[in-house]
Amino acid sequence: MNPTAPAPLRARRRRDQRRRPVFAIAVTVVFFVLLYLPIAMVVLFSFNAQKSLTVFKGFSLRWYEAFFHDNVLLGSLGMSLEVSLVAMVGSVVLGVALALGLVRNKGRLGTYAGLIMMVPLITPEIVTGVASLLLFKGLGITLNSGTVMIAEITFSISYVTVILRSRVAALNPEVEEAAMDLGATRWQALRLVTLPALLPAILASAVLIFALVFDDFVLAYFTTGVDPQPLAVRIYSAIRFGVEPTINAVGTMMLAGSITLIGLALAIPRLFGRRGGLDLISGE
Amino acid sequence: MALRTPVRTDGPSDSRTVRRDRRPRPSAAGARIWTWLTLPGTVWMSVFFIASLLLVAAISFGTTDELGDPRFGTNLGNLKALADPAYRDVMLRSLGYALLTSVICLLIAYPVAYAVALHAGRFKNALIAAIVVPFFANYLVRMYGWSVLLSDDGPVLRMLRAVGLAGAHTKILNTGFGVIAGLVYGFVVFMIIPLYAAMERMDTSLIEAGRDLYGGPLRTFLFVTVPATRQGAGAGVVLVFLPAMGDFVSAQFMGGPNQIMIGNLIQDKFFEGQDWPLGSALTMALMAVLLIAMFGYLRRARKDEAEATR
């Protein structure tokens, strides 16, 4: 507060600061309650001793046990992990290269690449799903985990590129040039100077993509074969055609997993001593 | 050591050339590396994304053979079928649901973003993280929890009945309101984030000025805060509208057969009905609506920007 401000103004400022927007705060409180209640319900009923999905009858781990004895679900978990891992590596490699190329490539190719990488971001997933399904069928490719991986990579490249592009643009190109003046080749400058500077953003986007792909349902649903199916697709069928409480246990574990990963993605830039993990998400 | 022997990348020029003159004109070979980096991703996206979208467009003119497999063709029947009242109504309903969802998200997100951005003090970052993190939890699981919460004998309706706000037969699930509630729950974060960013950027002395000019809290909010954050709101509307329009999970989990959306039709044509050409035509219609929305938004945003810089 400015001590030289005239007394009445100071009093007014103090009053303004104390004045809380009661309505906005009330809405926010209700919002938070409704945001977390559904998640809390899933977690709570995953520990239910009874089969009921509405009445809680004591604590038990039986649904977790049931999951770890269900070979179909375990197979789906394995497939989801495999797909997420491959999609993460593939989309990060392609996406980082694309981000570097885009920022530095002012030619016609750069313009075209910049344009087409924006399209997936405004395309609803169901459209991407339909399009991928048609393409695979058209090329005569049998649907299996490989087709899910290809579709997920296609969907994820744009995210990696968007996250990385602003970071690349923020780099000072003179540092790279200085490395080259000191005798490094383009490639060496890229590998020894640029990529290390981008490492936090690369790691954060990798974790983010892993979480997004692992949780993704729509694309997986359109591009998976019959057996095995990704975990999210199994969950969908389970919810649609009669819910077993096992689903609550699977859901709880998936929640724990994705919340850990997102926490990690937000924390990584901070671990490297940079501010603003959140702008990863708001895309700024 | 490799670093000491510079590899001349700019052609057979005189090796005595002073290194400094490399800087003003980037060499052709040096620039080529950026092309090589751009190419793999661009080719991948062109094949697996752009080409596949064009395939959807082509198949929407196609027919099915006896086995139900799609065949290319020049058949306008699928596009004509879109005007069929059965499909038209579903498309209009989807449009209505998506628009209502955007409006409700705006009404929720404004107070929340306002409270968090301007009145949360040092808890600001923690609160915004607390809003964002659940949205990375599995969409199906969240939607399932939401449908349990809003079910006929779920906690929300039981509470509303207890305080007399709901009758014995009031339902949320299997109504249009249920589907919209699902869409709002699914996508409201996409409204909060851009609004929050806009409020953070906003010059708060504007609000003080509004108060100094004897504007009440509501008037100041409507005539100062809202116009100052209009761009964030516009971005949020687009970010909510796009996924809401294409969603089919909410209508399935929260609605009944009378609340299906265009996404459900597409899913049905591809998985149950085996009419891929018609499914493709529906997909194209969906894409067309979204492109129009996007185009309108971009034009508006550009106009706003031009006005702001004038």
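In which helix of chain A is the place of Leu264(A)? Leu264(A) sits in helix H13 (residues 246-271) of chain A, helices being DSSP runs (H or I) of at least four residues, numbered from the N terminus.

This is a predicted model, in which local features need pLDDT of at least 70 and side-chain atom pairs count only at pLDDT 80 or more, while totals for chains, interfaces and linings use all residues. Residues are numbered from 1 along each chain as its sequence is written, chains are lettered from A and ligands numbered from 1 in written order, and side-chain values use heavy atoms, without hydrogens and water.

**View 1. Leu264(A) and Val207(A).** The C-alpha atoms of these residues, 57 residues apart along the chain, are separated by 7.4 Å. Leu264(A) is partly exposed, with a relative accessible area of 41% (buried is under 20%, exposed over 50%, partly exposed in between; 1.4 Å probe, protein chains only).

**View 2. A salt bridge between Glu176(A) and Arg104(A).** The closest N and O atoms are 3.0 Å apart (a salt bridge is a side-chain nitrogen of Lys or Arg within 4 Å of a carboxyl oxygen of Asp or Glu). Glu176(A) belongs to helix H9 (residues 173-181) of chain A and Arg104(A) to helix H4 (residues 71-104) of chain A, so the pair ties together parts 72 residues apart in sequence. Both residues are buried. Arg186(A) is linked with them in a network of salt bridges.

**View 3. A salt bridge between Asp304(B) and Arg230(B).** Their side chains meet at 3.1 Å, N to O. Asp304(B) is buried, with a relative accessible area of 9%, whereas Arg230(B) is partly exposed at 42%.

Definitions and conventions:
Helices (H or I, at least four residues) and strands (E, at least two) are DSSP runs, numbered from the N terminus.
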